[in-house]
Amino acid sequence: MIEELIRRAAAEDDDAIEELSAIADTDPRRLTPHLGLLLDLDVLCPAKLYRAADADLVHRVIEQVDGGRTPDQLNDLLMILAHSAHPSAESALRRWSTQPPAGSDELYVNALRYAHEGGWAVGSDGRRRDLCGDTAYRWVMRETAPGPDRPGCPWCASPLWVAADLDTTDADVAAALAHTGWSGRLVIETCHFCACYTTLYSHVTPAGGTTWWAGNTRPDYLPNDDEPEDPPTLAPVLGQALASPYQVSAWDQGGSTLGGRPEWIQDAEHADCPGCSEPMDYVGLIAGADLDDYGEGAYYLHLHQPCGFAAVNYQQS
């Protein structure tokens, strides 16, 4: 069945690509024996199909890049290596970051930056760090009870929105946040409106403290003539554990998740910590479709425990 899907995908059958993508999200190892055929037929997108690429497949991709025969495919090949997260892929991306391969002049970022697409990074200390965890839970939206007045956004005066209120005394929350090193209560508060225009940061403490970061920079294109908007009346609560960390959707109702891996609507956008410039750890995703029947886009939540910063950014098509 998978081989037939691959041949249909090579013929640009969108339904086949969607079915293969669903397999990559639920059990990517099912595709491993078939990835050689996928590569032979030049089915390079979406790169997530190659999440479970083995050493032989990764070496084939590296040899293709080093051979310089298909520089027009370099972006797709680097995406594949990033999603594989294989040690050999990491070594190749490190090498190409200082010795760019053919086709690099058409790229917008350094080769090593592609690691972010696969949910990992190489820090300023030269060490690899996973930005995402392998444990994920469905986030279910529930109406919030009216509480004390929230502080207003310094830019648009809309009441700030508590996008997440988590506590690692809950074993499931602790598992979802294990990769971040966080211990204690985590409250991520942001402006639901302004976060759609730029990444917003806040100081957070393990006691549940949260404070708007004074260094947030208002973009020139942020509308300044709109009335304040009430934030969503829904807040995420922990639902069932997911069988795969990739079972997330930035598009569909029921797609919001705590932990696991993000589904980016655009390019990967792991926020950089304003305290140390290192990429922040991914916490979870809240799909716009879960906040409103006509909602779109998604909010992405991030955390950098060593510096005590949380961040929220937003993407839409």
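Me: Is S277 buried or exposed?

Reply: Start with the cut-offs: buried means under 20% relative accessible area, exposed over 50%, and partly exposed in between (1.4 Å probe, protein chains only). S277 is exposed, with a relative accessible area of 55%. Bear in mind that this is a predicted model: local features need pLDDT of at least 70, side-chain atom pairs count only at pLDDT 80 or more, and totals for chains, interfaces and linings use all residues. Residues are numbered from 1 along each chain as its sequence is written, and side-chain values use heavy atoms, with hydrogens and water left out.

Me: What is the phi of S277, and where does S277 lie?

Reply: Most residues other than glycine have a negative phi, and most peptide bonds are trans. S277 has a positive phi near 70°, and its place is the loop between β9 and β10 (281–287). The strand and helix names come from DSSP runs (helices are H or I, at least four residues; strands are E, at least two), numbered from the N terminus. D42 also carries a positive phi, near 60°. D42 sits in the loop between α3 and α4 and is partly exposed, at 47% relative accessible area.

Me: Which residues does the cis peptide bond join?

Reply: C45 and P46, with omega about -5°. P46 belongs to the loop between α3 and α4.

Me: How many of the residues of α5 are buried?

Reply: An α-helix has 3.6 residues a turn, so residues three or four places apart point the same way. In α5, nine of the 11 residues are buried, so this helix is largely enclosed by the rest of the structure. Among the buried ones are L74, L77, L78 and H83. The buried residues of α5 pack against α4, α6 and β1. Just after the helix, A85 takes a positive phi of about 55°.

Me: Which residues touch the most other members of the largest nonpolar core?

Reply: A nonpolar core is a set of buried Ala, Val, Leu, Ile, Met, Phe, Trp, Tyr and Cys residues joined through side-chain atoms within 4.5 Å. The largest one here has 42 residues, and L20, L31, L38, Y50, L78 and W96 touch the most other members. Elements that each supply at least two residues include α1 (2–10), α2 (14–26), α4 (55–67) and β1 (120–122). The largest share, seven residues, comes from α5. For a closer look, take L31: leaving aside neighbours within four places in sequence, L31 is in contact (heavy atoms within 4.5 Å) with I2, L20, I23, A24 and L49. A second, separate core of 36 residues includes M141, A176, F193 and L303.

Me: Which strands pair with β3?

Reply: In a regular strand the side chains alternate between the two faces of the sheet. Two strands pair if DSSP finds at least two bridges between them. β3 (residues 136–143) pairs with β8 (residues 234–241) in the antiparallel sense over six bridges, and W139 stands opposite L238 in β8. β3 also pairs with β9 (residues 257–259), again antiparallel, over three bridges, with Y137 opposite L258.

Me: What is the volume of the largest pocket, and what is the volume of the largest cavity?

Reply: Both come from a 1 Å grid over the protein atoms alone: a cavity is a set of points where a 1.4 Å probe fits but cannot get out, while a pocket is an open set with protein on both sides within 12 Å along at least five of seven lines; lining residues have an atom within 4 Å of a point. Points join across faces, edges and corners, and a volume is the space filled by probe spheres set on them. The largest pocket has about 850 Å³. Of its 40 lining residues, K48, R51, H83, E117 and Y246 are closest to its centre. α5 gives the most to this lining, with five residues.

Me: Where is E189, and is E189 buried or exposed?

Reply: E189 is in strand β5 and is buried, at 10% relative accessible area. Beyond its neighbours within four places in sequence, its contacts include R150, W161 and S202.
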